[in-house]
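Hi,

Here is the structure I promised to pass on. Have a look at it first, and my notes on what turned up follow below.

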Amino acid sequence: MKYQHWLILTCCLIKYTVAKYKQPNPEKYFMALHVAMLEQNLIEYQDENLTIIDDWYPKGSNHYIVISKRYIRGIRHVNRSHIPLLEQMEEKGLWVARSFRSRRSYLVGYHAEPFFDRLHLHIVSEDLRGRGLKNKEHYNSFTTPFFMPSKDVLHSLRVNGSLHFPSHEQCRLWLKRPLHCAQCNYQPKSIQDYKDKHVAYHNFDTWSPPANVSQVPTGFWIAKMWTFFEEWGNITATPE
DNA sequence: GTTCTAGAAC
DNA sequence: GTTCTAGAAC
Ligand SMILES: [Zn+2]
């Protein structure tokens, strides 16, 4: 066989392997938070009531998820009795976020139609330039009423004892609507236009590690490796 | 929820 | 030719 044949064969093999292992599995993703909240390297903070983790696909330079340890299905299943818990989630979440990047402002709230099972509060830096933000729907899910700010949720619970949710059709319209910068009147032509160009016009606290790996300072990786080997030492060390 | 990609839009 | 969007994922 000529080398071209080997090349084609190899390509087919790669394509087959990728197709086999990247099969869609919605059930797996639906339960992802149950797994993620136990993942040690994602956990930023935890106490007896809450776990705070890094979002696996951050939509802003910083993106934390606050999860209640006691299982609650979602924001549509809370009532007056949950007010103290929701207050604590907001307070602790912001405390964690600010302790890492104090100068950033954060969007704190719930999605009207969350995808994941289990109540979770989003704390995302308002620059919305994270590596996980890839389409219009991602952006709109934090900048339209699809995003229900924690403050509003708590207020509504205190006053009415319940929450009002928009219809599915309304949610779809919000997610599909044209991009509109949440900081000014500019209407980005696409999400790339926003992330690559427009975001630079705003005075967001810069240094965004996840946005572009090649721009991360070498010191960051050295620090990462240092902690890795430190942990490795702890794992492999034999107990006294 | 993500990834990939064909075909539309530019 | 490149960028963007929407829909499938066997
Ligand atoms: Zn703007």
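**Salt bridges and a pocket**

E169 and R172 join their side chains in a salt bridge, with N and O 3.5 Å apart (the term means a side-chain nitrogen of Lys or Arg within 4 Å of a carboxyl oxygen of Asp or Glu). Both residues sit in helix α7 (residues 168–176), three residues apart, about one turn of the helix. Helices (H or I, at least four residues) and strands (E, at least two) are DSSP runs, numbered from the N terminus.

Before going on, some housekeeping: this is a predicted model, where local features need pLDDT of at least 70 and side-chain atom pairs count only at pLDDT 80 or more, while totals for chains, interfaces and linings use all residues. Residues are numbered from 1 along each chain as its sequence is written, chains are lettered from A and ligands numbered from 1 in the order in which they are written, and side-chain values use heavy atoms, with hydrogens and water left out.

For the cut-offs, buried is under 20% relative accessible area, exposed is over 50%, and partly exposed is in between (1.4 Å probe, protein chains only).

The whole structure has six salt bridges. Another of them pairs D47 with K92, at 3.5 Å from N to O. D47 is in the loop between β1 (43–46) and β2 (50–54) and K92 is in helix α4 (residues 83–100), so this contact ties together parts 45 residues apart in sequence. D47 is buried at 13%, whereas K92 is partly exposed at 22%.

E90 pairs with K151, and their closest N and O atoms are 2.3 Å apart. This one links helix α4 to helix α6 (residues 150–160), across 61 residues. Here E90 is buried, at 9%, and K151 is exposed, at 57%.

Now for the second largest pocket, with a volume of about 1,100 Å³. On a 1 Å grid over the protein atoms alone, a pocket is an open set of points where a 1.4 Å probe fits, with protein on both sides within 12 Å along at least five of seven lines; lining residues have an atom within 4 Å of a point. Points are joined across faces, edges and corners, and the volume is the space filled by probe spheres set on them. Of its 33 lining residues, D55, Y57, K59, F115 and F116 are closest to the centre. Helix α7 gives the largest share of the lining, five residues.

Cheers
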